[in-house]
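This report describes the sheet and the nonpolar cores of one protein model. Please consult the sequence and the structure shown below while reading.

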Amino acid sequence: MMVTSGTGSFAGKVVLVTGASSGLGEAAALEFARLGAAVVLAARRADRCEALALRIMAAGGEALAVPADVARATDVEAMVAATLERFGRLDCAVNNAGIAGPMRTPVAEVTEDQWDAVMDVNLKGVWRCMKHEIPAMLAAGGGAIVNVASIYGLEPSDVGHAPYAASKHGVIGLTRSAATDYGRMRLRINAVAPGFTRSEMVDPERPGGAEHYGRMVARHCAMERLGEAQEAARAIVWLCSSDASYVNGAVLRVDGGSATRMY
């Protein structure tokens, strides 16, 4: 794909994106491809990844769709192996796959199965991905990983989804710890913490959605609007770029700013 304005070129780089079938993952994959990267698209919905790969290749880019469930260790190992088999290296990874879990549910009413499902995807899934991505990047001389957390990884949930908030707090702790482990090896690991951003999970077109998300952005966002997937995607791309070469272990909020006011 032709490189246009924005963060510098990723030509010759290979980028892996999980949860790439929609929303933020799809937007990040398209942004990396626009900047010249070969992109590996991983998600459970293989058909949607295949369609996105075809879209990228039709525009002159390189892409590979790989079916993967980050809750399955064998899928994650195969995902990275497929990347190396096709492209011979891995330079950047965006660990974005996640689920919302139960909402409007007080902590003591969350079932153990619900808790385990959220942790297995949102937290352990990120660890599984890094477990296989990191050796591949070190073999290539270094790289950059961005883990997708949330504003609810920095503050308590006010919509009754404690497992999600706990998992995203865990992602931030995992990110910072891994950044310390591998920073000396030319491998940078950072996180983004998006606010309320349009996606399949955050859809104001659903019945009652406009009113619900209107209240949420008024409470949480100084800009009083939902974010767009492309806005978070550009922050991810910047963290992976040479422009962020001294940024490691950071958590970048992409949330429109705090809505706390004295008036």
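## Pairing of strands 1 and 2

How many bridges join strand 1 to strand 2? In this predicted model, strand 1 (residues 14–18) and strand 2 (residues 38–43) run parallel and are joined by 5 bridges. Within this pairing, valine 15 has valine 39 of strand 2 as its bridge partner.

The open sheet consists of 7 strands with parallel pairing, arranged in the order 3-2-1-4-5-6-7. Strand 3 (62–67) and strand 7 (251–254) lie at the edges, since each of them pairs on one side only. On average, neighbouring strands are turned by 15 degrees against each other, direction ignored.

Helix 6 (residues 162–182) packs on this sheet, where it touches strand 5 (143–148), strand 6 (187–194) and strand 7. The direction of helix 6 makes about 160 degrees with that of strand 6.

## The nonpolar cores

In soluble globular proteins, nonpolar side chains tend to be buried together. In this model, the largest nonpolar core has 34 residues. Among those with the most contacts inside it are Phe10, Val17, Phe32, Val39 and Ile236. Several elements give two or more residues to this core, including strand 1, helix 1 (23–34), strand 2 and helix 8 (229–240). Helix 8 provides the largest share, 7 residues.

Leaving aside residues up to four places away in sequence, isoleucine 236 touches Leu24, Phe32, Val94, Val146, Val148 and Val192. A second, separate core has 31 residues, including Leu16, Ala136, Ile172 and Ile189.

Conventions:
Residues numbered from 1 in each chain as written. Predicted model: local features only at pLDDT ≥ 70, side-chain atom pairs only at ≥ 80, totals over all residues. Heavy atoms only, no water. Pairing = 2+ DSSP bridges. Helix = DSSP H or I, 4+ residues; strand = E, 2+ residues; numbered from the N terminus. Axes fitted to C-alpha atoms, helices over the stretch in contact; angles between N-to-C directions. Contact = heavy atoms within 4.5 Å. Core = buried A, V, L, I, M, F, W, Y, C linked by side-chain atoms within 4.5 Å. Buried < 20%, exposed > 50% of the residue type's maximum accessible area, 1.4 Å probe, protein only.
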